[in-house]
Amino acid sequence: MSINFPIKHALKEYNRIYKETNGIYHDIALSLRLSDSAFDILYAICQLGDGCLQRDICSLSATSKQTINSSIRKLAQDGYITLKHGKGRQMHIFLTDTGIELVKERIFPVIEIENKVFDSMAEEESRELLRLSRKYIEILEKNAKELLQ
């Protein structure tokens, strides 16, 4: 007995692009001698700002709280970040001087490459890519909620 899987061409191609993008970032993290989660944390700090919350890093990176917590502990142990308690159970993350140097050396060049990608597109292409990506996520989230109810 065989089964006919209902995956349309557009979905196959989107999944391939998504996996290829993730693979590129994985390769970048490896080449920078960082785990994927350490890369995500340091990148998120660049985006959110020094003193950001651990929960915001989890949300931005779409990574589990346990994975982020373990990587944060390792980055702190290695002297790249410090942790300060906020209200309740909030945990603020700050780069140390060593962490700032690490980010400048390893994360900033990746952000420069990403900015070059958008700079190489026409402004309307960038807007369209972002618009369609947001639309896909919005519709996917709506349909996923229906499935999970």
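Trainee: How many residues apart are Glu13 and Arg16 in helix H1?
Mentor: This is a predicted model, where local features need pLDDT of at least 70, side-chain atom pairs count only at pLDDT 80 or more, and totals for chains, interfaces and linings use all residues. Numbering runs from 1 along each chain as its sequence is written, and side-chain values use heavy atoms, without hydrogens and water. Helices (H or I, at least four residues) and strands (E, at least two) are DSSP runs, numbered from the N terminus. About one helical turn separates Glu13 and Arg16, because they are 3 residues apart.

Trainee: Which residues are linked with Arg16 in a network of salt bridges?
Mentor: A salt bridge puts a side-chain nitrogen of Lys or Arg within 4 Å of a carboxyl oxygen of Asp or Glu. Glu13 reaches Arg16 with closest N and O atoms 2.7 Å apart. Glu20 forms a salt bridge with Arg16 at 2.4 Å. The network therefore links Arg16 with Glu13 and Glu20.

Trainee: Is Arg106 buried or exposed?
Mentor: Buried means under 20% relative accessible area, exposed over 50%, partly exposed in between (1.4 Å probe, protein chains only). Arg106 meets Glu105 in a salt bridge of 3.4 Å, N to O. Glu105 is at 53% relative accessibility, so Glu105 counts as exposed. Arg106 has a relative accessible area of 12%, so Arg106 is buried.

Trainee: What is the angle between the planes of Tyr14 and Tyr136?
Mentor: Rings of Phe, Tyr and Trp (its six-membered ring) pair if their centres lie within 6.5 Å; planes under 30 degrees apart are stacked, over 60 edge-to-face, the rest tilted. The structure holds 3 aromatic pairs. Tyr14 and Tyr136 form a tilted one, 4.3 Å centre to centre, with planes at 35 degrees.

Trainee: Why is the pair of Phe39 and Tyr43 tilted?
Mentor: Phe39 and Tyr43 both lie in helix H2, 4 residues apart. Their ring centres are 5.9 Å apart. The pair is tilted because the planes are at 40 degrees.
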